[in-house]
Amino acid sequence: MSVREEFDEWATDGRDRGMEERHWHTAKHALARMPVESGDIVLDLGCGSGYAGRAIRDTNDAGRVYGLDGSPEMASNATEYTDDPRVAFVVGDFGSLPFETNSIDHVWSMEAFYYAADPHETLEEIARVLAPGGTFYCAVNYYEENVHSHEWQEFITVEMTRWSREQYREAFRNAGLSVAAQDNIPDREITIPNEAEFPIDDWENREAMVERYREYGTLLTVGVAT
Amino acid sequence: MSVREEFDEWATDGRDRGMEERHWHTAKHALARMPVESGDIVLDLGCGSGYAGRAIRDTNDAGRVYGLDGSPEMASNATEYTDDPRVAFVVGDFGSLPFETNSIDHVWSMEAFYYAADPHETLEEIARVLAPGGTFYCAVNYYEENVHSHEWQEFITVEMTRWSREQYREAFRNAGLSVAAQDNIPDREITIPNEAEFPIDDWENREAMVERYREYGTLLTVGVAT
Amino acid sequence: MKESLLEILCCPLDKHELELEDAEYDGDEVVSGDLACSDCGETYPIEDGIPNLLPPDMREETPA
Amino acid sequence: MKESLLEILCCPLDKHELELEDAEYDGDEVVSGDLACSDCGETYPIEDGIPNLLPPDMREETPA
Ligand SMILES: Nc1ncnc2c1ncn2[C@@H]1O[C@H](CSCC[C@H](N)C(=O)O)[C@@H](O)[C@H]1O
Ligand SMILES: Nc1ncnc2c1ncn2[C@@H]1O[C@H](CSCC[C@H](N)C(=O)O)[C@@H](O)[C@H]1O
């Protein structure tokens, strides 16, 4: 299946909202760090339900926020979830961004970057559309050190890139993005049942679930365009 | 009193270690974000007891870490607290850094930047010594939004600069540092007594203490040299 | 979409400017129309107010 | 201090290179000596192995 088919299905069966709820636990901490100034133009790559753009507008008085998604159904849902005239959505692909060079002040992406068919090409596209000094906030739960995420590929037809922390830094630098910060943002909100209730769902034991959420959480890498 | 006299006194009566213990609660989270690569040269401005440099060496395999402090007694204590051959200390002033242009990969500073006689000049010096793409991690507990810190000036003879979050961002940009991130790192570790024990020490009520530590915590601004 | 979006949009293929054609409006919202590349001539549809700027080969993957 | 520190140190006043003079060593540690600016000639002391690169007017504030 293509990105379009796979995620149109997710959007149609409501998984866009489910992701919003879960991802918000860590995304909000990463979003709170973005140095968005009044009037800035922000792009959300792989926006899903579009919650990040809504949050950026609500808290930072961003000038305009655009969400790009490869799934028309996602973009259509995201459009329905807001009536902010400064938020808009576009259908497009990570491989060839339909934005002018130097036109964007900040790029945000949560749990989406690794679906790029060629992540290096996508980083170059991001470096191209960012104005000098603009930031790329790249948040992922699927990465090498998070061993609990490795099996996710089995459940999805789109090929995923599983980089390590170091590979992210290196790839950013190769694309001309300086690495300003990298860290793990723990998910302190998800409910972790008592010892006695394990095994539960996908979790053999409580320690594994604690490690996955409270320790590994979300990997955030922040790059700056030069 | 001069910086030298004031902080020589602090170093001599053990306040260097007291600060280390308290500042570590938030400093460690900021340090964990620094994209230090093996071999990098890191500078700690206003290093006090030098704990940040020790931590960076222990966790990141930094090539060399230098701590600069205006107080010879601080630098002397810091030297005693480590025998890592890749950590060293220098006495110097924020106003005229004794480092070559482009010679440093990352600059760290915790609870020290605002003592600079001319903070704009110091930012320019930092931008000068940083190699292109290098980061400045500036962590402060004393800043405009943290109303609980305003009275601190009464207890110290060195004049302190009290900028707002926005003033930090603007001053960084004026000095040629792109702002990559800014946020508040809560201190989740300091013990906050039960309601019944208030008023206590400097705290009229529990809410104020909760706000000071759990909400405002430490303001971190991350700049990138171009 | 609003016309202001055109200020920063470009053709995903060759990054040239896009021109709005056959636009229908609802207030200041462009609800349908086409975005045509000023250079390669490729056109991109605006569907329900949302511009579809997928490269043409990906757009055509759509099950009919 | 180690001599490797000299690779990145410079005169705080005019940012020119420093030269190590009258050095005394303990192994590869320089425990005392002077750092002299190759341009302005100002010298900065190394005390207990720690170079004091305060601008001269701040260094002299020291109570005697
Ligand atoms: N190559 C590609 N181009 C554009 N969008 C893509 C893409 N690959 C995946 N996506 C989109 O990326 C999203 C990943 S799901 C994450 C959605 C949202 N950011 C959240 O945090 O909840 C999906 O909406 C999917 O359609
Ligand atoms: N103008 C200046 N130049 C150099 N160092 C200065 C300075 N003003 C203050 N300092 C130093 O900055 C330190 C501030 S106290 C903070 C120490 C340490 N970073 C910590 O987190 O605990 C003191 O050691 C003081 O001597």
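## Ground rules

Residues are numbered from 1 along each chain as its sequence is written, while chains are lettered from A and ligands numbered from 1 in the order in which they are written. Because the model is predicted, local features need pLDDT of at least 70 and side-chain atom pairs count only at pLDDT 80 or more, while totals for chains, interfaces and linings use all residues; side-chain values use heavy atoms, with hydrogens and water left out.

## How the chains sit together

Let's start with the copies.

Chain B and chain C share no contact (heavy atoms within 4.5 Å), and their closest C-alpha atoms lie 22 Å apart. Chain C and chain D do not touch either, with 44 Å between their nearest C-alpha atoms.

## Strands and crossovers in chain B

Helices (H or I, at least four residues) and strands (E, at least two) are DSSP runs numbered from the N terminus. Strand 2 of chain B pairs in the parallel sense over 5 bridges with strand 1 of chain B, and also in the parallel sense over 5 bridges with strand 3 of chain B; pairing requires at least two DSSP bridges between two strands. V42(B) has V65(B) in strand 2 as its bridge partner, and D69(B) has V91(B) in strand 3.

The chain crosses from strand 2 of chain B through helix 4 (residues 72–80) to strand 3 of chain B in a right-handed β-α-β crossover. Right-handed here means that, with the strands pointing away from the viewer, the path from the first strand over the helix to the second runs clockwise. Strand 1, helix 3 and strand 2 of chain B also make a right-handed β-α-β unit.

## Buried elements of chain B

Strand 2 of chain B is largely enclosed by the rest of the structure, because 6 of its 6 residues are buried (under 20% relative accessible area, with exposed over 50% and partly exposed in between, using a 1.4 Å probe and protein chains only). R64(B), Y66(B) and L68(B) are buried on one side, and V65(B), G67(B) and D69(B) on the other.

Helix 3 (residues 51–60) of chain B is largely enclosed too, since 8 of its 10 residues are buried. Y51(B), R54(B) and N60(B) are among them. Its cover includes helix 2 (15–31) and strand 4 (104–110) of chain B. After the helix comes D61(B), with a positive phi near 55 degrees.

## The site of ligand 2

Ligand 2 is surrounded by 20 residues, and the closest are H23(B), G46(B), Y51(B), D69(B) and G70(B) (each with a heavy atom within 4 Å). A polar side-chain atom of H23(B) lies 2.8 Å from an oxygen atom of ligand 2. On the backbone side, an N or O atom of G70(B) is 2.9 Å from a nitrogen atom of the ligand, and a polar backbone atom of F94(B) is 3.0 Å from a ligand nitrogen atom.

## A buried leucine in chain C

L35(C) lies in strand 2 (residues 29–37) of chain C and counts as buried at 0% relative accessibility. Leaving out residues up to four places away in sequence, L35(C) touches residues including M1(C), L6(C), L20(C), Y44(C) and L53(C). L6(C) is 29 residues away along the chain, yet the two C-alpha atoms are separated by 9.1 Å.

Methods: Polar contact = N/O pair within 3.5 Å; in protein donor to acceptor, adjacent residues only side chain to side chain.
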